[in-house]
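The coordinates come first, and the notes follow by topic.

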Amino acid sequence: MPYANNPLVRVSEVTEENVKFVIERTDLSMANAIRRIIIAEVPTIAIDWIHLINNSTVLHDEFIAHRIGLVPLTSDEVVDAMTYSRDCQCNDFCPNCAVEFTLDVKCTEDTTRPVTTRDLNSSNQQVVPVTSRVRESESADYGLTDDILIVKLRKGQELKLKAYAIKGFGKEHAKWSPSAGVAFEYDPDNALRHTTYPKPEEWPKSEYSELPEEQHQAPFDYQSKPNKFFFNVESSGALRAEKMVLSGLNILKQKLSDLQIQLQHETAQEALAI
């Protein structure tokens with residue numbers, strides 16, 4: 001990897017939900033490591049334990065629990081300070097390792113009563129469903145206006161539960177993944193021919209293409225290697241996109257540091273054995 005010590009990063013777009021940047025002078029393996037860490041190893045908070053006290057809806061308990069567990073929760077302000085529940089010294093759940101949610105809805109009218117994420121009450125107002133977060137301004141992109149539907153109730157039906165959200169990461173379960181999608185592109189003009197276009201003129205051009213309009217793909221360059229990567233990181237709302245990238249880079253840095261320390265330790269042990 002000839003450029004390992006001096007990669008070049010250029011940020012082209014930053015919003016609450018999306019970050020676009022370009023990494024140059026690095027290797028394909030490093031770009032893919034960043035992508036996979038952001039998807040699978042950046043921690044967030046998600047509901048993991050649910051006690052269904054009363055469920056007379058048309059959906060069974062497991063279905064309700066699965067739907068609620070997949071609701072993205074705002075984690076920016078809290079996740080770094082929280083302890084993993086498996087490492088906490090408490091007997092069950094405590095404010096240091098979990099956030100309690102309650103939901104109690106009963107339909108008493110003849111019309112259908114939708115139960116949404118708006119009905120989830122959090123013990124910590126910094127950890128709420130992403131659709132319930134109050135926007136800082138009218139023009140802010142962060143947060144959505146439509147609440148996520150959990151189930152619909154008819155007259156006489158009821159849903160009452162208590163739940164706990166804990167810290168985790170996407171490698172354990174997809175509900176902890178902070179990303180809606182992390183992608184990178186490294187050959188916008190198809191010079192490497194890693195993709196075969198039956199009819200290049202019918203294929204839409206990349207937004208990063210540098211070819212003239214009448215040219216549809218670059219000439220084949222069999223000696224070239226990928227060294228420029230166009231990243232697009234999109235958040236699910238649990239974390240801001242910028243924080244996702246920075247957290248992912250910190251995790252990668254820590255992994256490399258741990259590997260270096262372990263190699264130095266093993267090298268020292270082998271020297272002593274000789």
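Phe-184 has a relative accessibility of 19% in this predicted model, and Phe-184 therefore counts as buried, the cut-off being under 20%. Its ring pairs with that of Tyr-186, with centres 6.4 Å apart and planes at 45°. Tyr-186 is partly exposed, at 26% relative accessibility.

**Aromatic pairs**

- Across the whole structure, the search finds 11 aromatic pairs.
- One of them is formed by Phe-93 and Tyr-164, which are stacked because their planes meet at 15° with the ring centres 4.5 Å apart.
- This pair links distant parts of the chain, as Phe-93 and Tyr-164 are 71 residues apart.
- Phe-93 is in the loop between α2 (61-69) and β4 (98-106), whereas Tyr-164 is in strand β8 (residues 158-168).
- Phe-93 is partly exposed at 23% relative accessible area, while Tyr-164 is buried at 15%.

**Charges over rings**

- Arg-86 has its charged end over the ring of Tyr-84, 4.5 Å from the ring centre.
- Lys-175 lies over the face of Trp-176, and the distance to the ring centre is 4.8 Å.

**Salt bridges**

- The structure holds 14 salt bridges.
- One of these joins the side chains of Arg-240 and Asp-76, at 3.7 Å from N to O.
- Arg-240 is in the loop between β10 (228-235) and α3 (241-273), and Asp-76 is in the loop between α2 and β4, so the bridge ties together parts that are 164 residues apart in sequence.
- Both Arg-240 and Asp-76 are buried.
- Asp-110 and Lys-155 also meet in a salt bridge, with an N to O distance of 3.4 Å.
- Asp-110 sits in the loop between β4 and β5 (113-116) and Lys-155 in the loop between β7 (149-153) and β8, so that pair links distant parts of the chain, 45 residues apart.
- Asp-110 is exposed at 59% relative accessibility, and Lys-155 is exposed at 54%.
- A further bridge connects Asp-119 with Arg-113, whose closest N and O atoms are 3.3 Å apart.
- Asp-119 is buried at 15% relative accessibility, but Arg-113 is partly exposed at 28%.

**Cysteines**

- How many disulfides does the structure hold? The number is 0.
- Cys-90 is partly exposed, with 24% relative accessibility, whereas Cys-97 is buried at 0%.

**Nonpolar surface patch**

- Val-9, Val-11 and Val-14 make up a nonpolar patch on the surface, with about 260 Å² of accessible area together.
- Val-14 is in strand β1 (residues 8-14).
- With 48% relative accessibility, Val-14 counts as partly exposed.

**Positive phi angles**

- Arg-25 is not a glycine, yet its phi is positive, at about 60°.
- Arg-25 lies in the loop between β2 (18-24) and α1 (28-40), and Arg-25 is partly exposed at 34% relative accessible area.
- Asn-190 likewise has a positive phi, near 60°, in a residue other than glycine.
- Asn-190 is in the loop between β9 (179-185) and β10.
- Is Asn-190 buried or exposed? Asn-190 counts as buried, because its relative accessibility is 3%.

Methods. Residues numbered from 1 in each chain as written. Predicted model: local features only at pLDDT ≥ 70, side-chain atom pairs only at ≥ 80, totals over all residues. Heavy atoms only, no water. Disulfide = S-S within 2.5 Å. Buried < 20%, exposed > 50% of the residue type's maximum accessible area, 1.4 Å probe, protein only. Phe/Tyr/Trp six-rings, centres within 6.5 Å; stacked < 30°, edge-to-face > 60°. Helix = DSSP H or I, 4+ residues; strand = E, 2+ residues; numbered from the N terminus. Lys NZ or Arg CZ within 6 Å of the ring centre and 35° of its normal. Patch = residues over 30% accessible without salt bridge, like charges linked within 9 Å, V, L, I, M, F, W, Y side chains within 5 Å. Areas by Shrake-Rupley, 256 points an atom, 1.4 Å probe, with all protein chains shown as cover. Salt bridge = Lys/Arg side-chain N within 4 Å of Asp/Glu carboxyl O.
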